[in-house]
Amino acid sequence: MTFAWFLVRRVLSGIVVLWAVASGTFFLFFARPVQTVAHQLAGRTATPEVIQSVINQLGLNQPIMTQYWHFLGRLLHGNLGYSFFTQQSVNTMIGQDLPPTASLVAGGVILWLIAGLGVGILSATRARSLFDRASTVLVLIGLSMPVFVVGELLIVAVFVPLNQHGFTWIQTQYAGPSQGLGVWTGHMLLPWISLAVVQAAVYTRLMRGQLLTTLGEDYIRTARSKGLSERRVIFRHGVRAALTPVVSQLGIDIGQLLGGVVVIEVVFGLQGLGQVAVAAIYQDDLPVIIGFVLVAAAFVVVANIIVDLVYTLLDPRVRIT
Amino acid sequence: MSIADLERQAQQAENAPVRAIEGRSQWWLTRQRLRRDKVAMISLAVIIIMVLLAIFAPAFAALVHHPANTAYPIAGENSAGQPVGPGTNGFWLGTDDTGRDLMVRVFYGARISLFVGIVTTALATVAGVAIGLTAGYFGGITDTILARLTDAVLAFPFVVLALALAVVFGPSLTIVIAVISFFAWAGIARIVRGQTLSLKEKEYIEAARSIGAGPFRIMFIDILPNLLAPVLVIATLYIPNAVIFEATLSFLGLGIQPPTASWGNMLSAAQPFYQTAWWFVVFPSLALLITTLAFNLLGDGIRDAMDPTTERLLAARRRKRSRGALFRPRNDDPDLIIAGDAK
């Protein structure tokens, strides 16, 4: 009962957030004069009549509030509108561009969590060992590198030399899993690593710090004195308690993850949602931009609900209310 | 001992140079600890060198006779129109896509990066401290509204919105600074709020209130000084983030516009040259990495130096290690003295 109620409330508040984001983006882009949009569409040499007809066609001559109600009504029917430039349905565009982005996020997140938490746990249990010191240095470098620098350096140092020596498995651009899992992995490997390196650094550091604090607690000593195996002490008693702040950090970082996704798509030419959105931003293609922002916001909202659920599973003291 | 002896002794004592009893403030102790931290000192030196390079970038340009935005199609490009490598034709780090001097442009990029990093951090710190203090001190509905706002800013996919803002208002240095500051204050505000919440329950705040101090006096004169240490640490650690953020925006073409040199837009221009001109990618990346790494290391150093608990841990560890050498005189160990005084 409480669980269902929690879910309903979170979904409702998520919808409110989505509405706020959509409206915010909508009005933000109307801060620009309509003329510039039409100008870009019609070309620099267009006559005033042509520009006016373009404005009329796009419905940009109506009062803003009318356009806004129209926009909201369409949104309620699940229709994100049509691109100003290609007249393509935004729903179709997002459907087409989703696979590269989804592959990137899925693989990147898995790699990121395995690397971040794994290295964090290892260095906390071997505090001040050579491994710990090496990982601390690597974490600092990871923290100091922008995503696109990681990506570019990977291209210069891995992709270019390998391909020059005839080893062509690792590629840039995107190839779907339909062309074979090996091909897909080869194309996605460098983007995954770039995404994981930068994100994992924060988590390694957080996990290490939390686990070190937790392992100093009295109940860990009790667990050890009961004669539990070291593995059980660390994973059952240590990691589980140490994970709570890590998970709450996760909720904050998901928004940042999306920024990283946009940049990586541009660097590796993946032609995913992010790259299309950046192109749309350059062109003032309002419906495409709003579509992308809404998908991104929906992703953040859903991910945050999942994070909250995991949180309650990890720490029974946190109750869903 | 005669009276004359006593008088002489008294005279000597009076004439002896007065040894001042030095107060050891928290800041003094922090500085001492920081000075002993080699990594932090090296980072500080690197930062100072970077700042000097940035300030004297025009002087370097004059030294090698290559202004930052001048292309050298003949000397700076080979016969195929490609950039030339480091050390060729007097270009120490090679040239970029249009045959401009890469070294001079990297130094000019430092101007933008450091300026944006420091200015945005300063703006965000002022805003974050003001909002965090207000929310934490007044509580109630003020706190609810401000805390919700902070959470909203923290949770938003900010690169996406930053892109949108940069496009709507047209990319420029001012917009870059505004956008980064807009997203940076929230983290600082959250921490300041938390600290204020616990500080305002302290007895000395109640004492201040009981002698009639107003809310603003309490906030800025009684609470704020106790927040300076954590705020300084967050601010130092935020500078590299701001530098990265600026580079990312410029890389996507929405920050600093060419021909003005910024590490981000240089790396963006370098994209088609991965195969042919490694220096074009490597040197701006390296400059960016060195700068952000130095700020991160310095921030970590300051945090460790300010936190007496880490010092106590270190001292405890040292004690444990030296347990083998029995009765080793330890009062000459400055760490222990400082750890004791800090309490």
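Helices (H or I, at least four residues) and strands (E, at least two) are taken as DSSP runs and numbered from the N terminus. The model is predicted, with local features requiring pLDDT of at least 70 and side-chain atom pairs counting only at pLDDT 80 or more, while totals for chains, interfaces and linings use all residues. Residues are numbered from 1 along each chain as its sequence is written, and chains are lettered from A and ligands numbered from 1 in the order in which they are written.

Chain A contains 12 helices and zero strands, and its elements run α-α-α-α-α-α-α-α-α-α-α-α from the N terminus on. The C-alpha trace of chain A spans about 85 × 60 × 35 Å along its principal axes. A residue is classed as buried if 20 or more other C-beta atoms lie within 10 Å of its own, as exposed if 12 or fewer do, and as partly exposed in between, with C-beta atoms placed from the backbone. On this basis, 36% of the 321 residues in chain A are buried. Two residues are in contact if their C-beta atoms, placed from the backbone, lie within 7 Å. Of the contacts in chain A between residues at least 6 apart in sequence, 72% join residues at least 24 apart.

Chain B has 14 helices and zero strands. Buried residues account for 39% of the 343 residues in chain B. Among the contacts in chain B with a separation of 6 or more, 70% are between residues 24 or more positions apart.

Two helix pairs in chain B were examined. Axes are lines fitted to C-alpha atoms, for helices over the stretch in contact, and angles run from 0 to 180 degrees between N-to-C directions. The axes of helix H2 (residues 26-35) and helix H12 (residues 278-306) of chain B come within 8 Å and cross at roughly 130°. H2(B) is therefore oblique to H12(B); angles under 35 degrees count as roughly parallel, over 145 as roughly antiparallel, 65 to 115 as roughly perpendicular and the rest as oblique. The crossing of H2(B) with H12(B) is right-handed, where a crossing is right-handed if the near helix is turned clockwise from the far one by less than a right angle, and left-handed if anticlockwise. On the H2(B) side the contact involves B:Thr30, B:Arg33 and B:Leu34, which meet B:Gly301, B:Ile302, B:Ala305 and B:Met306 of H12(B). The contact comprises four nonpolar, two polar and one charged residues. Ala, Val, Leu, Ile, Met, Phe, Trp, Tyr, Cys and Pro count as nonpolar, Asp, Glu, Lys and Arg as charged, and the others, Gly among them, as polar.

In the second pair, the axes of helix H3 (residues 38-55) and helix H5 (residues 102-138) of chain B come within 7 Å and cross at roughly 110°. This angle makes H3(B) roughly perpendicular to H5(B), and their crossing is left-handed. B:Met50, B:Val51, B:Leu53 and B:Ala54 of H3(B) make the contact with B:Phe107, B:Ala110, B:Arg111 and B:Leu114 of H5(B). Seven residues of this contact are nonpolar, none is polar and one is charged.

Between the chains, 31 residues of chain A are in contact with 30 residues of chain B. At least two residues each on the chain A side are supplied by helices H1 (2-29), H6 (130-144), H7 (147-164), H10 (230-268), H11 (273-283) and H12 (286-314). The chain A side has 25 nonpolar, four polar and two charged residues.

A nonpolar core is a set of buried Ala, Val, Leu, Ile, Met, Phe, Trp, Tyr and Cys residues joined through C-beta atoms within 7 Å. The largest such core has 149 residues, and those with the most contacts inside it are A:Ala277, A:Ile289 and B:Leu163. H10(A) contributes the largest share of this core, 17 residues. Apart from residues up to four places away in sequence, B:Leu163 touches A:Val278, A:Ile281, B:Leu252 and B:Leu254.

Individual positions were also considered. A:Leu154 lies in helix H7 of chain A and counts as buried, with 21 C-beta neighbours inside 10 Å. B:Thr142, in helix H6 (residues 140-155) of chain B, is partly exposed, with 13 other C-beta atoms within 10 Å. Helix H9 (residues 203-210) of chain B is hardly covered, the count of buried residues among its eight residues being zero.
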